[in-house]
Structures are given as structure tokens and as C-alpha cells.
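Look at the model shown below and keep the sequence beside it.

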Amino acid sequence: NVLILDFGSQYTQLIARRVRELNIFCEIKPYNKVPKDLSSFGAVILSGSPFSVRADDAPHPDLSGIRGKMPLLAVCYGAQYLAHFHGGNVAPSNTREYGRANLSYIKGEEAFFHSISEGSQVWMSHSDTIQKLPENAVVLASTNDVENAAYKIKNENTYGIQFHPEVYHTTDGKTLLENFLVNIAGLKQTWTPDAFVETTVAELKKKIGTDKVILGLSGGVDSTVAAVLLHKAIGKHLHCIFVNNGLLRKNEFEDVLKQYEGMGLNVKGVDASARFLDALAGESDPEKKRKIIGRVFVEVFDDESHLVEDAKWLAQGTIYPDVIESVSATGGPSATIKSHHNVGGLPDFMKLKVVEPLKMLFKDEVRRVGASMAISDDRLGRHPFPGPGLAIRILGDITREKVAILQEVDAIFIDGLRDWGLYDSVWQAGAMLLPVNSVGVMGDERTYEKCVALRAVESTDGMTADWVNLPYEFLQKTSNDIINKVPGVNRVVYDISSKPPATIEWE
Ligand code: XMP
């Protein structure tokens with residue numbers, strides 16, 4: 001296990017991703033919450049930071065329990081921090097220390113630079129530089145502009161590097177991390193999806209015993225993988241609830257329910273479409289629609305959970321990015337963990353004990369764990385779909401007729417993406433039903449009907465996104481199919497806006 005101490009760098013999560021890709025487990029902790037018991041950690045990595053070590057309000061944690069006592073790799077700010085407080089000198093840099101540079105390293109440090117060629121490209125991003133190394137340090141590598149690009153403290157497994165090994169543009173960055181963690185710290189690369197499944201199932205068995213657990217399935221990757229893991233551990237004691245809010249994709253409820261049953265899950269499909277659609281009637285405001293859907297979901301879920309007698313646990317598909325405590329730009333710890341304030345008014349199911357088997361995994365790891373449990377690629381590669389579903393893709397008020405039209409349009413678009421082999425190259429896609437009618441002509445008839453917008457985006461996390469350059473032939477065929485097959489629609493447009501400033505959803 002590796003401890004990553006976060007000093008607030010935008011790249012800290014990337015360090016964790018790279019370490020996990022090496023099949024070594026790691027945890028991120030804020031710099032001011034160094035665990036008291038370090039016995040489970042075999043190495044420590046210090047992250048970069050937006051701060052200058054010379055600033056009074058910069059992170060200055062006590063590392064005396066770590067330094068010299070266990071293998072330590074200090075990246076960027078971390079390297080400067082060690083230098084600054086141990087007899088070195090850190091000063092503002094006069095030369096360009098952003099972007100790419102090429103490493104020339106001093107021979108004799110084979111373990112650290114194993115398989116890394118002379119001149120290897122590294123990525124720099126700092127405005128301070130280490131002018132003088134800390135006591136007992138020797139320089140290991142330099143670049144044209146940065147003399148002390150990498151150093152080692154003599155007689156200690158302490159290494160400092162000014163560049164960022166975690167970013168893509170540092171060509172041999174992952175190799176360097178592997179060299180440090182495996183060659184120097186002696187860690188084993190045993191943290192694989194199979195191993196995760198095995199240990200998690202054992203832990204869940206022990207923790208839950210013969211108690212009953214309730215889990216809300218959404219059809220999405222996280223809740224599905226969480227359900228399959230729990231099912232492996234406790235079998236029929238896991239009671240899954242899959243709610244149809246009437247705003248899912250065409251046939252999604254029936255298809256997914258069948259798939260879940262095929263996986264052996266003990267799942268109850270609850271068709272609450274009417275309850276949701278009645279509650280939404282006449283509402284046009286996007287945020288109010290979301291609130292109504294959230295409220296009705298809680299009501300439905302609460303009713304259903306009461307039908308499971310003696311349930312003790314609520315399982316959730318929470319993943320690591322939701323629980324990492326991040327260091328805020330002001331240097332203080334800022335918990336991003338969501339809390340429920342409304343303690344008095346909590347629905348009954350929220351009073352259950354919570355179990356979150358995926359809470360240490362990144363999204364791509366959830367997929368790998370799912371694949372190792374033989375969940376189909378089709379389920380694991382599914383595009384994200386918002387909880388409020390088609391409600392936020394029907395601009396204006398929602399009626400059953402509008403939902404039916406949009407389901408048809410969406411199905412033609414998504415099935416088309418699959419047929420043309422485009423589905424997996426798109427991060428998310430969907431159709432929006434616009435609150436405008438426009439004039440058209442069909443045969444000899446003048447029409448005045450609805451307009452739909454298609455949207456397909458590329459993204460990695462939904463925070464930023466760009467529209468996808470879908471082939472014209474595909475758009476042409478899709479538009480024809482929609483207008484010919486879906487009564488009530490006479491115009492199709494394609495959304496070519498990036499996020500920011502446009503969001504992915506239109507509401
Ligand atoms: P936006 O529209 O903000 O969407 O660019 C970013 C990602 O979040 C999804 N999204 C939601 N998911 N409840 C959800 O569960 C919501 O209210 C919601 N709004 C947006 C959206 O589909 C995209 O993946």
C-alpha cells in the first residue's frame with residue numbers, strides 16, 4: 001500500500017491512477033491528515049501543489065515520521081519542500097520551467113532510472129526552482145534549464161523530482177514510478193481486479209454476515225458492479241430495487257431487468273412511472289423537475305424498502321472520486337464528502353447502516369472489476385445517463401406523449417450509433433425534444449411539428465466535453481429515419497457546442 005500525501009495539486013489523482021495501473025494499491029490523504037499508524041504503507045509519495053514553499057500559508061506538515069524511515073518520492077512541490085527545510089534553497093525560477101524538457105541523468109542510479117533512456121521527455125510545471133540541494137543530497141538528473149531536476153538523499157530511500165511523472169507527457173513517468181515502487185520500495189504488484197474481488201467479497205461476508213441488504217439499481221455501471229460484488233458475498237440476502245421513473249430510454253426498464261435477472265440478482269422491478277409523471281405534470285423549471293424526481297424517488301424507495309423485513313444495510317455504488325478529501329486552493333482541507341443535514345426528516349431507509357464496496361475505486365477500475373466478474377461489455381461500456389432521465393431532455397413541461405416521442409427518437413439515434421460502430425467512440429449521446437414547432441412539408445401537406453436536437457460528446461469525466469464529429473452520412477441517415485418513423489417530428493438538428501460554455505444536457 002502506498003500513501004500519497006496531497007498538497008493540493010491538480011494532478012494528485014493522476015498519481016493515484018498511475019500507481020493503481022501498476023497494480024499497487026494506494027490512498028490519497030490531505031497533507032494535514034498524515035495517518036498516525038503508517039505500518040500498512042510501504043512507500044510515500046508527496047504531490048505537487050499550487051503553493052510556493054516560501055509562502056507562510058503553504059502546507060508545511062511534519063514529515064519526521066516518514067522521512068528516512070520509509071521509501072519516499074517527493075514530486076515537484078514535495079521535492080522543493082524537502083529541500084527548503086533541510087538546508088537547501090528554493091527560489092523563484094528565472095528560466096522557463098513549464099512544459100516539456102529532456103532529462104539527462106547521472107549514471108550509477110540504475111534502480112531509479114531503469115529502462116529510461118537518456119533524453120527522455122519530462123513535463124515541468126513550477127515557478128520555483130531548487131537552487132541548492134538539501135543536506136546530504138546528490139543530483140541524479142538535470143535538464144537544459146533545471147540543474148536539480150532529480151536528487152537523492154544519501155543513505156536514505158528519499159528521492160525528489162521536479163517534473164511530474166504522473167502526467168501523460170512525461171513519457172517514461174510510469175516506468176519511473178514503477179522503478180521507485182518496485183525496485184526501490186520492494187512493493188509487490190498484486191493489486192489486480194481479481195484480487196480486489198476476492199478480498200472484498202471476504203470482507204463483505206464478514207461485515208454483513210446473514211443481515212439483509214437493500215440496494216437501488218439504476219442500470220448504470222457503478223450500482224451494477226456493486227450489486228454483483230454483494231451478490232457474490234451474500235447471495236439472496238441482497239435485495240435490489242430497480243425503479244422505473246417513466247423517464248428511461250425505450251425498453252430500458254424491461255431489458256435491464258431481464259439482464260439483472262439473468263445475472264442471478266434478487267431484483268425487484270418497480271414501475272412507478274405514473275407516480276413520477278403525475279408529480280411532474282405542468283412543471284417546466286429544470287431544477288424543480290429534478291427536485292420532484294428526487295423526492296418521488298425517495299418516497300418510492302422508502303415504500304419498497306419497508307417491504308424488505310429486517311433490512312440492516314443500505315448498499316451504495318459510491319466511488320473514490322466522490323470521497324477523496326481534497327485540499328482546497330486556500331490550503332485548508334475541504335471535505336467533498338456529501339453529508340445529509342436533514343437528520344430529523346430522513347426517510348427510514350437512510351437510517352440503515354451504509355455499505356459502499358466500491359468506495360476506493362476509480363471509474364475505470366470499477367469497469368475492470370466488473371469485467372473480472374464477467375459482467376457484459378455492453379453493460380460496462382454503457383454511456384452515462386442522468387438520474388432524472390428524459391425529464392431534463394424534454395425542454396419545458398413533460399407529458400406522456402412527449403416522453404414517447406423522445407424515446408423513439410433516442411432509440412433510433414443510439415441504435416444507429418451501435419450499428420455504425422460509433423457507440424464506443426462517443427462518451428455520451430442523446431436527443432433533446434425542443435419546445436418549438438417549425439413548419440415543414442410532407443407530401444402535399446404543410447406540417448407544423450416538433451424539432452429534436454441530437455447531441456454526442458467526447459469527454460473523460462463530463463466536466464469538459466466537445467461535440468463529436470459524426471460522419472455526415474450517419475447524420476443524414478439518422479435524420480431521415482427519425483423524420484420518417486417518428487410521427488410529430490419534422491426537423492432534426494445536431495448540437496455543435498462544446499462544454500464549457502454549453503453543458504452536456506440542455507437543462
Ligand atoms: P452537464 O449537463 O452538467 O452534465 O454538462 C454533466 C454530466 O452529468 C449528467 N447530469 C446529471 N446526472 N442527475 C444526474 O444523475 C442530474 O440532475 C444530472 N444533470 C446532468 C449529464 O448527463 C452528464 O453526464
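Two strands pair if DSSP finds at least two bridges between them. Helices (H or I, at least four residues) and strands (E, at least two) are DSSP runs, numbered from the N terminus. The model is a predicted one, in which local features need pLDDT of at least 70 and side-chain atom pairs count only at pLDDT 80 or more, while totals for chains, interfaces and linings use all residues. Residues are numbered from 1 along each chain as its sequence is written.

Start with the sheet. Strands of a sheet pair through backbone hydrogen bonds, either parallel or antiparallel. Here 5 strands form an open sheet with parallel pairing, in the order E15-E14-E13-E16-E19. Strand E15 (267–271) and E19 are the edge strands, since each pairs on one side only. On average, neighbouring strands of this sheet are turned by 30° against each other, direction ignored. Between E13 and E16 the parallel pairing runs over 4 bridges, and Val 213 stands opposite Trp 313 in E16. Helix H9 (residues 286–306) packs on the sheet and touches E13, strand E14 (238–244), E15 and E16. The direction of H9 makes about 145° with that of E14; axes are lines fitted to C-alpha atoms, for helices over the stretch in contact, and angles run from 0 to 180 degrees between N-to-C directions. Two residues are in contact if their C-beta atoms, placed from the backbone, lie within 7 Å.

Next comes helix H5 (residues 193–208). Which residues of H5 are buried? They are Phe 196, Val 197, Leu 204 and Ile 208. They cover an arc of only 95° around the axis, which puts them on the same side of H5; the arc is that of the directions from the helix axis to the C-beta atoms. A residue is buried if 20 or more other C-beta atoms lie within 10 Å of its own, exposed if 12 or fewer, and partly exposed in between. On the other side of H5, the exposed residues are Asp 194, Thr 199, Ala 202 and Lys 206. The cover over the buried residues of H5 includes strand E13 (212–217), helix H6 (221–234) and strand E16 (311–315). After H5 comes Gly 209, with a positive phi near 60°.

Last, find Lys 152 in strand E11 (residues 150–153). Lys 152 counts as buried because it has 22 C-beta neighbours inside 10 Å. Leaving aside neighbours within four places in sequence, Lys 152 is in contact with residues including Glu 109, Ala 137 and Tyr 159.
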